[in-house]
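Hello,

Here is the structure I promised to pass on. Please open it first, then read the notes below it.

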Amino acid sequence: MIHFKINKFNKQQAVFGILFMMPWFIGFIIFGLYPMIMSIYYSLCRYDVLRIPQFIGFGNYEKLIFEDPYFWISISNTLVYTVLRVPLCIIGSLLLAVLVNNAVRGVKFFRTIYFIPSIVTGVVLSVVWLWMFNPQFGLINSFLAYMGIPGPLWLLDPNWSKPSMVLMSVWSIGGGRMLVFLAALQGVPKHLFEAVDIDGGGWWAKFKNITIPMLSPVIFLWSVLEIIFSLQVFVEAYIMTQGGPLNSTMFYNLYLYNKAFNDFEMGYASALAWLLLVISLIITVIQFRLSKRWVHYDGVTK
Amino acid sequence: MKQIIKIVLSLAVLIAMGLFLFMPDSKPPNDGKIRLKYWMVSAMKEQPFHVTEFNRTHENIIVEPTPLPWNEHEKKILTSILSENPPDLVFLVTPVAKWATRLALTPLDDLIKRDSFDSTIFFSALWSEMRFKDNIYALPLYSNSYAFFFNKKLFREAGLDPENPPKTWDDVLEYSSWLIKKDEKGNFKQMGFIPTYGNVQTSIIMAWELGAQILSIDGAKVNLTNQPTIEAFNWTVNFYSQFNIKDVSTFIAGFGFAEQHGFISEKIAMMVLDNSFPDQIKLYNKNLDYGVAEIPTFKGYAPVSSTGSWWLAIPRGAKNKEAAWEFMKFAVQKNIQLTEAERQKALLFPSNKLTANNPAFLSLNESNKIFVDLLEHSKTPTVVPLVHDVFWREYMGAQERVVHKIQSPFDALKQAEKTIQIHLDETIEYDNYVRSQVSIK
């Protein structure tokens, strides 16, 4: 235990520290904490912004869970999307990172090329993919038709709409995630690979026994983050499908947005938001529990 | 000493930053004139005629219009009313009731009574929409009207008489079958009619024609499982039974706006379209040989059309109520609306019947007569005003399920009806609660 002696200097330092923290702190209280606390209260009310809130207890939550079919539709859509997307993103980025980790000529060029698509923002990306997915004139179906394969309706077919959106996220596998994997890969000590060489192991043995365990903390980090990102999927559905066809892309956040800003049911939307937090929290806690089995931190064995 | 200076300086910076938050708006010149803040949902590049003309003829009032982007307007207006700094006037297109029930608008009844304002100048469908409960909250400024467009060239190619458009919905089905063209792979190249393509729902027009009463008179009960609506859905099912929905969806996916519009690009031969289309056709495909006719009906029933209203209202807490009312009365006058229509080539229809029936307006476009006649028999798409968005989302959802053969018309409509009713009950309950808590002036 370290004891700080509170002398005049330390006091002054403290005053300055607090003073400089104030702008952020005041901002946080006004724009962060206050809305959060109020949204807990509103989630227990009927409230449409313009009129006074009417307290209804847990009415909103009850209605959500027991009466609202869209709630369950949006949950299942979001979970399906998450289950399809997260492995694809992580495995895709990891493989790409392994690929561009090779010391071949022009590798820097490829790293840049793979990174570029991830700079495009969600809205632009959605508009571009909307055209790519067009069943009549879209790039994908034109290509498939050229190969003699009849393409699906993509976003217009309830069975294909979610996979289409998952496919879109392949676009960004070369982004930040790949860079982090790449950095982690470069941090793997060479002597470990040499050890496998001496034992006569091939590339698969290296990948399975060295690369994956050494990268497991980064893989874990991204699986936690990507699940949270996927649960919050919004822009693609908002721009491209507005939840259709047949509610197949009515994701949780899109439904929340519709409730808040189309129907102005702010109380209901607040309840939805808090439930999403609880769901994310539960999934993350489970992940942390499971992580003990497969995540290896440097030199630490549990 | 240095420390004190530092503290004083940092405090000064903080206070200065704080002050910026409370800086008042830049003050207009103090010339005794009233400046009306007028927020419009519009993409107009120049000031509309009713504004320039009002400013020219009124010395003491200056109207300052601000355009609002379409997808942001609701949030912006709500925030302004909440922060007690609303504009003096708003120009909107969503249902009046939706705003009135939220206490966002100022009732106009005392002003209407005081000035003996004549509301019979408006088309009745438009005027009825300005009312919520016992009060009038807005004046309609523009409207639109729908009619049946058909492509004469495609009619001729199919061996149909181009001067004899279909009169009944059965005719539409029959004509439609003649007008289909496919390519060698079996994909649609041309279709006659598609009930679910376009910005007005054919099925609701059919339901209205057959006399559907969707909302009870007291506005508290929704009935979507009425015979006329089921009948209208049956027609849609019947239409789609001839085709694979996948093929039709692929065909529709190829359309867009302007020259890519299904009718303008001559890929769909018959459509129910609004009064802006004659001008759009002139702009994007001026050689299109088409006709405009009354909307078809079921045998023995009178035609019904759909209309929407763009309206003017004074938000709650607006500071210049009198001047705003002055402007509203001015904007809906016959002559103002006529010149406005001439200038913008009837893109938006006048709300004033006297303007719409004026020979000068009718001669602006040869199809105007049909549009005006249909406006007299129009209903508004504000079917359940209090839960307008929910109604349309559920209605379209039901139609989609029916078209995809997931549910029968009755089951789909029953499901939609249930959801709409739950929302309506809650909205009414909340409205009653608010009214019991706040005294409404």
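**Chain B, overall**

Of the 441 residues in chain B, 43% are buried. Keep in mind that this is a predicted model. Chain B holds 19 helices and 15 strands. Its C-alpha atoms fill a box of roughly 95 × 55 × 50 Å along the principal axes. Now take the contacts in chain B with a separation of 6 or more. Residues 24 or more positions apart account for 73% of them.

**A sheet in chain B**

Chain B has an open sheet of 6 strands. The order is β2-β1-β3-β13-β6-β14, and the pairing is mixed. Which strands stand at the edges? They are β2 (61–68) and β14 (349–350) of chain B. Each has a single partner strand, so one side of each is left without a neighbour in the sheet.

For β14(B), look at strand β6 (residues 139–143) of chain B. The two pair in the antiparallel sense, over 2 bridges. One residue pair to find on screen is B:Ser143 and its bridge partner in β14(B), B:Phe349.

**Two helices in chain B**

Next, go to helix α18 (residues 388–403) and helix α19 (residues 409–437) of chain B. Their axes come within 9 Å and cross at roughly 165 degrees. An angle over 145 degrees counts as roughly antiparallel, so that is how α18(B) runs relative to α19(B). The crossing is right-handed.

Which residues make the contact? From α18(B) they are B:Val390, B:Phe391, B:Glu394, B:Tyr395, B:Gly397, B:Ala398, B:Arg401 and B:Val402. From α19(B) they are B:Pro409, B:Ala412, B:Leu413, B:Gln415, B:Ala416, B:Thr419, B:Ile420 and B:His423. By class, the contact of α18(B) with α19(B) has 10 nonpolar, 4 polar and 2 charged residues.

**Where chain A meets chain B**

Last, the contact between the chains. Chain A gives 21 residues to it, and chain B gives 26. On the chain A side, α1 (8–42) and α12 (252–262) each supply at least two residues. The largest share of that side comes from α1(A), with 3 residues. How do the residues on the chain A side divide by class? There are 12 nonpolar, 5 polar and 4 charged.

Over to you.

How values were computed
Residues are numbered from 1 along each chain as its sequence is written. Chains are lettered from A and ligands numbered from 1 in the order in which they are written. This is a predicted model: local features need pLDDT of at least 70, side-chain atom pairs count only at pLDDT 80 or more; totals for chains, interfaces and linings use all residues. Two residues are in contact if their C-beta atoms, placed from the backbone, lie within 7 Å. Helices (H or I, at least four residues) and strands (E, at least two) are DSSP runs, numbered from the N terminus. Ala, Val, Leu, Ile, Met, Phe, Trp, Tyr, Cys and Pro count as nonpolar, Asp, Glu, Lys and Arg as charged, and the others, Gly among them, as polar. A residue is buried if 20 or more other C-beta atoms lie within 10 Å of its own, exposed if 12 or fewer, and partly exposed in between; C-beta atoms are placed from the backbone. Two strands pair if DSSP finds at least two bridges between them. Axes are lines fitted to C-alpha atoms, for helices over the stretch in contact, and angles run from 0 to 180 degrees between N-to-C directions. Angles under 35 degrees count as roughly parallel, over 145 as roughly antiparallel, 65 to 115 as roughly perpendicular and the rest as oblique. A crossing is left-handed if the near helix is turned anticlockwise from the far one by less than a right angle, and right-handed if clockwise.
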